[in-house]
Amino acid sequence: MISSDVKKGQMEMVGLVVIVLLVTIAFLFLAQFALNDRSDTHFFARKQLATSTLSGILQTTVKGCQPDESQLLTVSMLLQDCAVNRGGNFGYVCGGKYSCDFLNKDLLPTFLEGSLDVFKQHYELKAVLVQDPEQPLVLMTSNGGCKRQKNVDTSGDFPLSSGAGLVNTVLLICD
Amino acid sequence: MKRGQIQMTETIAVLFIFFILIFFGLIFYYKYVDSSIKANQDQNLEKRAIDTTTRVIFLPEIQCGGGSGGTNVYCIDLLKMEAFQKVLPDAIDDYYFNLFSFAKITVQEVYPDSSKLWVVYDKPKKDFTSKKVTYFSAALQDTSIIAGSPVTSFGYVTVEVYS
């Protein structure tokens with residue numbers, strides 16, 4: 001009688017072990033599925049979008065700025081002027097604003113709202129004088145910028161030399 | 001109930017639970033395989049979108065010349081593009097379909113005139129199952145100005161690929 005009970009107990013233990021094994025395998029499978037490498041596949045699109053947007057913006061020409069309204073000025077030239085005359089009392093005047101104001105309030109918002117906002121991308125555009133990075137010449141962000149975002153890609157540095165020093169412009173794009 | 005009957009019922013119950021576990025396992029495996037196939041298809045479409053976008057970025061038919069025989073990336077020459085639009089219908093099946101396959105490529109100006117839109121390539125797939133859209137921005141250079149420097153607008157290119 002005792003021997004039969006022991007046998008039955010052993011059988012039940014084996015059954016329990018089998019069930020535990022099955023459940024463990026199922027959990028391992030589930031974990032593999034859940035923690036599957038969902039690597040960021042959009043990095044190429046973000047990277048080339050950041051580079052192309054900043055490259056396109058800097059090449060764009062603006063007409064109708066004083067003192068010579070017939071002169072075509074590129075955004076790069078306006079940035080250089082903004083760096084040199086950041087006090088805002090000299091330099092080019094476009095649409096009644098000095099270059100820094102014109103870039104920050106009129107021109108760059110038009111570019112970014114017409115492109116990156118249409119694509120529903122978060123971004124952060126920053127132009128700084130290298131020797132004074134704390135006070136950016138241009139700072140445009142959407143929904144708080146890219147500081148807390150995980151997937152961030154950069155256009156890379158677009159340096160410009162100006163009378164006031166080197167101006168570095170970077171566009172970050174994030175999801 | 002006799003002891004044999006009890007043991008039989010117990011065995012049947014164990015087998016029932018065992019088969020239920022197997023059944024759930026199979027359902028789970030089927031869902032896993034199904035989602036893997038879909039993820040694979042998405043990945044392939046994304047790869048094709050990237051390939052097509054890269055081809056558009058470096059398409060010499062519309063790319064700006066960078067002086068000294070070089071080229072300017074992320075810049076579209078509007079004169080070249082308009083000429084390209086004229087010759088495209090004759091070469092679309094023989095040549096450009098091999099490059100872009102089923103896709104639609106448009107160029108939208110943002111500044112100064114946001115109403116300007118050019119359809120560069122349009123070969124839609126009638127009953128497509130999925131579509132992937134990628135964008136890149138570009139400088140749109142108008143080289144038709146003979147004297148002085150060219151006027152450069154800002155815009156973006158939309159590349160839609162179908163599968």
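Two strands pair if DSSP finds at least two bridges between them. With that in hand, here are some close-up views of this predicted model.

View 1. Strand β3(B) pairs with strand β4 of chain B, residues 117-123, in the antiparallel sense, and 6 bridges link them. For a landmark, look for B:K104, which stands opposite B:D122 in β4(B).

**View 2. Strand β6 of chain B and its two partners.** On one hand, β6(B) pairs with β3(B) in the antiparallel sense over 8 bridges. Here B:Y111 stands opposite B:F154 in β6(B). On the other hand, 12 bridges join β6(B) to strand β5 of chain B, residues 131-142, and these two also run antiparallel. Strand β6(B) is mostly covered, with 11 of its 12 residues buried.

**View 3. A closer look at B:S153.** Across the strand pairing, B:L140 stands opposite B:S153. Setting aside residues up to four places away in sequence, B:S153 touches B:E109, B:Y111, B:P112, B:A138, B:A139 and B:L140, and also A:T60 from chain A.

**View 4. Helix α2 of chain A, largely enclosed.** This helix covers residues 43-59, which makes 17 residues. From its first C-alpha to its last it reaches 24 Å, close to the 24 Å expected at 1.5 Å a residue. Why is α2(A) described as largely enclosed by the rest of the structure? The reason is that 12 of its 17 residues are buried. Among them are A:R46, A:Q48, A:L49 and A:A50, as well as A:G56, A:I57 and A:L58.

**View 5. Helices α3 and α4 of chain A, packed together.** The two helices meet at an angle of about 145°, and their axes are 9 Å apart. Their crossing is left-handed. From α3(A), the contact uses A:V75, A:L78, A:L79, A:D81 and A:C82. From α4(A) come A:S99, A:C100, A:F102, A:L103, A:L107 and A:F111.

**View 6. The largest nonpolar core, with residues from both chains.** Which of the 39 residues in this core touch the most other members? They are A:L78, A:L103 and A:L107. Elements that each supply at least two residues include α2, α3 and α4 of chain A, together with β3 and β6 of chain B. Helix α4(A) gives the largest share, 7 residues. Take A:L103 as a guide: leaving aside neighbours within four places in sequence, this residue is in contact with A:V75, A:L78, A:L79, A:C82, A:L108, A:P109 and A:V138. Apart from this core lies another, of 27 residues, among them B:V56, B:Y74, B:V107 and B:L140.

**View 7. An open sheet of 3 strands in chain A.** The strand order is β2-β4-β5, with antiparallel pairing. At the edges are β2 (65-66) and β5 (97-98), each of which pairs on one side only. Strand β4 of chain A, residues 93-94, joins β5(A) through 2 bridges.

Conventions
Residues numbered from 1 in each chain as written. Chains lettered and ligands numbered in written order. Predicted model: local features only at pLDDT ≥ 70, side-chain atom pairs only at ≥ 80, totals over all residues. Heavy atoms only, no water. Helix = DSSP H or I, 4+ residues; strand = E, 2+ residues; numbered from the N terminus. Expected span 1.5 Å × (residues − 1). Buried < 20%, exposed > 50% of the residue type's maximum accessible area, 1.4 Å probe, protein only. Core = buried A, V, L, I, M, F, W, Y, C linked by side-chain atoms within 4.5 Å. Contact = heavy atoms within 4.5 Å. Axes fitted to C-alpha atoms, helices over the stretch in contact; angles between N-to-C directions. Left-handed = near helix turned anticlockwise from the far one by under 90°.
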